Amino acid sequence: MAGIMGLFASELDEFVADYDNQFWDASFHGETYPPRIIMERSTPPLYRVEDDGSKTMEPNPTIQIIGSVDTEVVTTGKLQISKKDFTKLTNRAAALLELFLHGFMQERKEMEAAQND
């Protein structure tokens, strides 16, 4: 099991480094089910000027890739990313989440087997 989680950790580090160079802040949240990877675009604050002249801060563009039986992708903010790059990002994140879930299930099976011995 340690091999799968070790592979996951190295793949996640590579993923974070690759997208950090493209100004995305990537974070993994695996404490609760379903695990998720959250990508937030590193941009300066953007403001929308309302009709009355007030300014409303726009949220940073964010992509959440949620790993469950069926992978879910949730976006917020104004994304400026090509369809090809978006697909590549989400597919790569989904593969990472699948690897994590596989390692988690393997660890669970090993723990149950150890308890039965």
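Is Phe100 buried or exposed? In this predicted model, Phe100 is buried, because its relative accessible area is 10% and the cut-off for buried is under 20%. Phe8 is buried as well, with a relative accessible area of 6%.

These two residues belong to a wider pattern. Searching the whole structure gives five aromatic pairs. One of them joins Phe8 and Phe100, with 5.3 Å from centre to centre and 50° between the planes, which makes the pair tilted. The pair connects distant parts of the chain, since Phe8 sits in helix α1 (residues 2–20) and Phe100 in helix α2 (residues 83–116), 92 residues apart.

Another pair is made by Phe15 and Tyr19: their ring centres are 4.9 Å apart and their planes meet at 50°, so this pair is tilted. Here both partners belong to helix α1, and they are separated by four residues, about one turn of the helix. Phe15 and Tyr19 are both buried.

The aromatic residues can also be viewed as a group. Phe8 and Phe100 are members of one aromatic cluster, together with Phe28 and Phe104.

Thr90 is part of helix α2. Its relative accessibility is 9%, and because buried means under 20%, Thr90 counts as buried. What does Thr90 touch, not counting residues up to four places away in sequence? Its contacts are Ile63, Ile65 and Val73.

Definitions and conventions. Residues numbered from 1 in each chain as written. Predicted model: local features only at pLDDT ≥ 70, side-chain atom pairs only at ≥ 80, totals over all residues. Heavy atoms only, no water. Phe/Tyr/Trp six-rings, centres within 6.5 Å; stacked < 30°, edge-to-face > 60°. Helix = DSSP H or I, 4+ residues; strand = E, 2+ residues; numbered from the N terminus. Buried < 20%, exposed > 50% of the residue type's maximum accessible area, 1.4 Å probe, protein only. Contact = heavy atoms within 4.5 Å.
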